[in-house]
Amino acid sequence: DEFFNWPPDVFALVASLLLKSGAYCYAVSGWKRDETNREWVREIKSAGKDWRANLAPPPIVLELRQAILDNTTVKVAEVRHHDQLCNVLLRLCSCADEACKGVGCTVSHDDVDHFLEEASHLLQASAKSFDFSTLGKLIDHSVVRVLPKLHTPQSGITIRSLTHHLALCPAGDVRAKWAERPRLEPASERHCINLLLAPWPRWVNPKHFRQVQPPEAELLNMPKHFGFFEYKPPDRNPKDIRLQLETMLYNATQVVDKIDGVVFPEIALTVEQYREVSALLMPEKIFLICGVRESPASSGAAGKNYLRFDIPVDIAPSTGAGPTQAGAYFSHAQDKHHRWRLDKRQIVQYGLGSCLDIEGNWWEHISIDKRELYFVVLDEWLTVCALICEDLARQDPVSEIVRAVGPNLVIALLMDGPQLAQRWPARYATVLADDPGSSVLTLTSVGMSQLSRPPSIQGRSRAMALWKDAKTGEAVTINLPPNEDGVILSLSRERETEWAADGRDDGGSSGYPTLSGIHFVNCGSKTTD
């Protein structure tokens with residue numbers, strides 16, 4: 001009885017049965033409902049609303065529960081051959097989904113919804129207790145996990161086609177974590193966000209790459225032509241980095257009213273530089289996404305390559321009331337999941353033959369630690385997931401979770417060549433834009449872009465970013481003009497109605513960030529209107 005009080009638990013059970021049996025296809029093939037679609041939607045929405053308000057199953061859910069208990073002798077593989085049982089599972093799945101509308105999204109303190117509060121608490125508490133987030137209470141977390149969901153695929157048929165608000169996620173080596181940004185003002189007020197892209201470093205030279213001699217055990221069973229390399233540019237004074245960013249921020253606010261977030265590419269900053277940059281941005285309520293490189297503790301040891309996602313907060317997360325001290329923020333660290341491998345083609349493309357033998361296969365000498373994936377809610381319409389270079393190209397093991405959740409925006413931090421429509425980042429961005437419908441931003445340094453000489457272009461390119469969304473057509477390449485140091489991207493909210501395979505719509509609540517402005521700034525000296 002207690003199990004059926006909490007809709008995400010019920011969803012985890014019935015969606016797992018629908019998935020494992022393949023019975024989810026029944027929603028588009030073989031399902032003969034007595035009622036019209038309008039009656040069906042009204043019934044399901046009403047049941048979900050009652051379930052949510054009372055935290056107890058309404059009569060229709062109790063009836064469906066009993067129908068499951070009456071069929072416990074049916075083997076999972078045979079569920080799809082039992083029309084009545086398929087019908088019961090699909091109805092329960094839809095009722096649970098409707099009960100969970102809005103879970104995981106930032107809610108202003110002035111509009112308290114106790115169900116959403118409990119859901120948010122579960123997501124945070126599970127991340128602390130189990131090192132991953134889930135909405136499940138009684139369901140076994142080692143088997144399946146439940147996360148909020150932002151997009152429903154509008155083509156094809158998978159288990160993801162059945163819900164608008166809940167995502168069924170496998171329990172595996174990827175620890176997905178959900179992070180909300182507590183805010184004082186209503187989250188829906190902001191119809192657009194302005195990102196400042198800092199495609200640094202501006203110069204990358206071959207001598208910044210060098211061969212590493214690791215302990216013999218690291219390559220014990222590999223052929224001799226495999227080796228390791230590291231990227232180690234000259235360290236710039238962290239104070240200088242901060243000063244240049246401060247100037248660029250000032251110049252950016254002469255173009256747009258406010259900068260909401262700053263994004264740096266993969267391994268753009270050292271740990272000390274990152275700390276200076278974060279200390280500048282957090283008191284200004286500007287979030288930060290940046291790639292960080294961390295030198296090894298000893299000679300021959302592996303370094304670190306990870307991203308930092310720092311989010312300023314407006315209210316105390318522990319109490320949910322009152323303003324925090326100036327500069328308070330959450331900080332999330334996410335390791336890179338795959339090493340970069342340089343082969344002959346890439347060594348020639350980046351002109352690295354003077355430092356790396358073209359007959360070798362060179363692996364990035366970084367540690368591969370636990371695999372985490374953060375989903376960060378910045379606004380009611382905007383949930384962001386950040387990836388690091390190879391994690392976009394080698395999508396296993398994160399792709400299943402990314403597609404299940406369908407974040408509104410995926411930001412890929414790269415150490416790559418020009419961001420052109422014919423190159424690999426655009427291909428993978430298009431995949432995510434098609435399904436689940438995420439908007440995708442890729443960002444590399446202008447230094448790497450200019451160092452690269454892919455066969456498809458002539459001369460040096462300053463194509464440092466690429467934008468792709470599900471609504472506005474082809475991928476957009478963003479070239480940084482000479483004498484400019486950064487780019488302002490304005491991302492506007494567009495609402496679209498999405499449909500689940502059972503005929504329910506989401507009321508036009510799906511948010512699609514679309515590109516609504518591109519402006520260039522420099523950090524040479526402060527400008528005025």
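**Figure 1. Strand S20 and its two partners in the predicted model.** Strand S20 and strand S21 (residues 510-521) pair in the antiparallel sense over 11 bridges. Two strands count as paired if DSSP finds at least two bridges between them. Strands are DSSP runs (E, at least two residues) and helices are DSSP runs (H or I, at least four residues), numbered from the N terminus. Arg495 stands opposite Gly511 in S21. S20, which covers residues 486-496, is also joined to strand S4 (residues 192-197) by 6 bridges, and S4 and S20 run antiparallel. Here Leu196 stands opposite Ile488 in S20. The model is predicted: local features need pLDDT of at least 70, side-chain atom pairs count only at pLDDT 80 or more, and totals for chains, interfaces and linings use all residues. Residues are numbered from 1 along each chain as its sequence is written, and side-chain values use heavy atoms, with hydrogens and water left out.

**Figure 2. An open sheet of 4 strands.** The strand order is S5-S6-S13-S12, and the pairing is mixed. Strand S5 (209-212) and strand S12 (341-342) are the edge strands, each pairing on one side only. Strand S6 (residues 226-231) pairs with strand S13 (residues 361-364) in the parallel sense, over 4 bridges. Within this pair, Phe228 has Trp363 of S13 as its bridge partner.

**Figure 3. The contact between helices H1 and H4.** Helix H1 (residues 7-21) and helix H4 (residues 83-99) pack at an angle of about 145°, and their axes are 9 Å apart. Axes are lines fitted to C-alpha atoms, for helices over the stretch in contact, and angles run from 0 to 180 degrees between N-to-C directions. The crossing of H1 and H4 is left-handed. A crossing is left-handed if the near helix is turned anticlockwise from the far one by less than a right angle, and right-handed if clockwise. From H1, Pro7, Val10, Phe11, Val14, Leu17 and Leu18 meet Leu89, Leu90, Leu92, Cys93, Ala96 and Ala99 of H4. Contact means heavy atoms within 4.5 Å. The residues of this contact of H1 with H4 divide into 12 nonpolar, no polar and no charged. Ala, Val, Leu, Ile, Met, Phe, Trp, Tyr, Cys and Pro count as nonpolar, Asp, Glu, Lys and Arg as charged, and the others, Gly among them, as polar.

**Figure 4. The contact between helices H6 and H7.** The axes of helix H6 (residues 238-252) and helix H7 (residues 271-281) come within 8 Å and cross at roughly 35°. This crossing of H6 and H7 is right-handed. H6 contributes residues including Pro238, Ile241, Leu245 and Leu249, and H7 contributes residues including Val277, Ala279, Leu280 and Leu281. The contact of H6 with H7 divides into 8 nonpolar, 1 polar and 5 charged residues.

**Figure 5. Glu390 and the buried residues of helix H11.** Glu390 lies in helix H9 (residues 390-393). Glu390 counts as buried because its relative accessibility is 9%; buried means under 20% relative accessible area, exposed over 50%, and partly exposed in between (1.4 Å probe, protein chains only). Leaving out residues up to four places away in sequence, Glu390 touches Lys336, His338, Arg339 and Trp340. In helix H11 (residues 424-434), the buried residues are Trp424, Pro425, Ala426, Ala429, Leu432 and Ala433. The buried residues of H11 pack against H9, helix H10 (399-405), strand S16 (409-413), strand S17 (439-443) and strand S18 (463-468).
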